[in-house]
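Have the viewer open while you read.

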Amino acid sequence: MTAARGDVAPQPAARALATRHRLRAWEPIPWLLAIAFYFAFPRHLGFGTELLIAILFALSLDLVLGYAGIVTLGHAAFFGTGAYTVGMLAKHGIWNEPITGLLLAAGLAAAVGVASGLVLLRTQGLTLLMLTLCTMALLEEAANLGHAYTGGFDGLDSLPIAPLFGVFEFNPLYPTTQYIYALAVLFLSFAFVRTLVYSPFGQSLAGIRENVLRMPAVGAPVRTRLVACYGLSAAIAGVAGGIWAQANAYVNLGTLGLDRAATVVIILVLGGHGRLYGAFAGAVAYMVLSHFLSKIYPTAWQLGLGFLLVFIALFARNGILGIAGASRRGGGSAGSPPGRS
Amino acid sequence: VILGVDVASMLLGGVAAGMVLFIVSVGLSVTMGLMGFVNLAHGGFAMLGGYAVAQFMKQGGLGFAPALVLGFAATAAVSVLFERLLYRRLYRASELDQVLFTIGLVFIMIASVTVTLGPENQPLTLPPALRGQIDLGFTQYRAYSVVLIAVGVVIAAGLWLGIERTRMGAQIRAAVDNRRMAESLGINIDRLFTVTFALGSGMAALGGGLGAEFLGLDPQYPLKYLVYFLIVVAVGGLGRVTGVFYAALLIGVLDFVLKKYLPQGGTLFIYALTILLLLWRPQGLFGARGT
């Protein structure tokens, strides 16, 4: 062990590879900020909970889009599956315990993810994009149709969610429980995703993203890896949807819509995809801006968002974290990520 | 009349809707086929065109037909500007960048239209000659739908001739099949693409104006019908004019019939069918088996 470390130490590239999974000094900062938010803005915890959910959802997308390189416009399918799992079980009086409810949401979303992944991930490019879009539209239509169970267009409201651990109530007016609960779930999910992306499994995903043809040659089963990744990501997205439904005591068709699916892609790319903390940076930037602007100037917000997207696509392909990284390194522009062919 | 169902009027209504789908989507199919560019903003050009037509009629006092022609020209001109200044920078970029860029463009279009003309639906009054019924010998039908079908057939025939019989059409077919080879043979793909992009956006504008009567015309138009346009293109096959024509008719008729008999589950059926079809033939019903 020590001998091996001694061998790689003189080579900077090898050392970077051997140490990159270690915790950085700055990594506790986002979590400390999240805890500080709880004490500093007790009146905005509802917004804070939305923000944490957005981070979790974007993190799930990062696994698929940033690491495995699957471009999807249908990720809300899993968010919605999780939300409707929690919502329907609670509304029909079958199950309303929150933590097990989340596990059920994760399980069902993962099942949908694996089932759709098995068929969708045979294709690529535009066809894949279309299929993700169609799958989500299909689920949305199904939720719209089954209004006896799903509430149809109006959704299900006043969901009777049981208190957390039988003690802490989910109070929609003072969402202290929701905030801490969402933060705890986000932390656990993040720890899982962080471990995953630095594992050999995560490495093989990056390999597939960079060169699909070469991966089978080194013995990596591409399809199985992609489907597994899609399923895991779907599970996390399902958890995000489940918390959303529990925190708001509400589910509607919007959880399955193109709007939500496009927004999460925007959030992730804004922050920087394929880099773990991109979901954090993007969600904070997007949610804060939209929180303050979209209600006062909805049109100006949309216009600004449009220009921002065009700008990111043309000049800043690695998002906020990419710009920050480039300026820290003192290198010229923030464009041209290494993976661009 | 079979089993109490008026087959003729079903078909006429569906085919008329299919023609609009075809006119809007054909440009998207060709530009996607040529450059592999994922242009989610195509519906935006249809909306801009529709708005232009409505404005030319309302403010300019023009008739329906001249307004359509002007709408076509104006949208084509604007699209050239977009293509030269922005789109061309992203031809070799990743799919994700193209998706982001075009979604951003859609947002910009929606917001600018909302700012200038408000979020309401734009009424587009048809000339009186097109409003009544028409006697087709075997059935009475809405004159406008019949005119739409006629216009659609003329446009489809014109495009088919253009693609099959002209030099530029041959270049487009060559470039869709194999861009590198076509480039090696000295075909100027850049210019070819600019021209097809302009034509395609102009056609979308035409479709936006012609279809405003039943698709409506409001700022959310590009997102509302995006999935439909993409389905038509994916089912028809990228870069296949005839494929898009048949796919549009198929989806138009299916949608029309299903909306009538299954007002609830009709769209569900179309999505499911599209998924199955793309799994069976990822290149679309009429596309060539790609590389």
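## The cavity

The largest cavity holds about 50 Å³ of space, in what is a predicted model. There is 1 cavity of 30 Å³ or more in the structure. The top contributor is α5(A), with 3 residues. By type, the lining splits into 6 nonpolar, 3 polar and 1 charged.

## Ser29(B) in its helix

Now hop over to chain B. Ser29(B) sits in helix α1, which covers residues 7–35 of that chain. Is Ser29(B) buried or exposed? Its relative accessible area is 0%, so Ser29(B) counts as buried. Setting aside neighbours within four places in sequence, Ser29(B) is in contact with Val233(B), Gly237(B), Leu238(B), Gly239(B), Arg240(B) and Val244(B). Gly243(B) is 214 residues away along the chain, yet its C-alpha atom is 9.4 Å from that of Ser29(B).

## Charged pairs

Side chains of opposite charge can pair when their charged atoms come close. Over all chains, the count is 6 salt bridges. Here are some of them, including one in chain A:

| Pair | N to O distance |
|---|---|
| Arg209(A) and Glu210(A) | 3.0 Å |
| Arg88(B) and Asp190(B) | 2.7 Å |
| Lys259(B) and Asp255(B) | 3.0 Å |

Take the chain A pair to begin with. Arg209(A) is partly exposed at 33% relative accessibility, and Glu210(A) is partly exposed too, at 46%.

Arg88(B) is partly exposed at 32% relative accessibility, and Asp190(B) is partly exposed with a relative accessible area of 28%.

The remaining pair in the table stays inside one helix: Lys259(B) and Asp255(B) are both in α11 (residues 241–261) of chain B. They are 4 residues apart there, so about one helical turn separates them. Their accessibilities fall into separate classes, with Lys259(B) partly exposed at 48% and Asp255(B) buried at 13%.

Technical notes
Residues numbered from 1 in each chain as written. Chains lettered and ligands numbered in written order. Predicted model: local features only at pLDDT ≥ 70, side-chain atom pairs only at ≥ 80, totals over all residues. Heavy atoms only, no water. 1 Å grid on protein atoms, 1.4 Å probe; cavity = no way out; pocket = protein on both sides within 12 Å on 5 of 7 lines; lining within 4 Å. Points joined across faces, edges and corners; volume = space filled by probe spheres on them. Helix = DSSP H or I, 4+ residues; strand = E, 2+ residues; numbered from the N terminus. Nonpolar A, V, L, I, M, F, W, Y, C, P; charged D, E, K, R; others polar. Buried < 20%, exposed > 50% of the residue type's maximum accessible area, 1.4 Å probe, protein only. Contact = heavy atoms within 4.5 Å. Salt bridge = Lys/Arg side-chain N within 4 Å of Asp/Glu carboxyl O.
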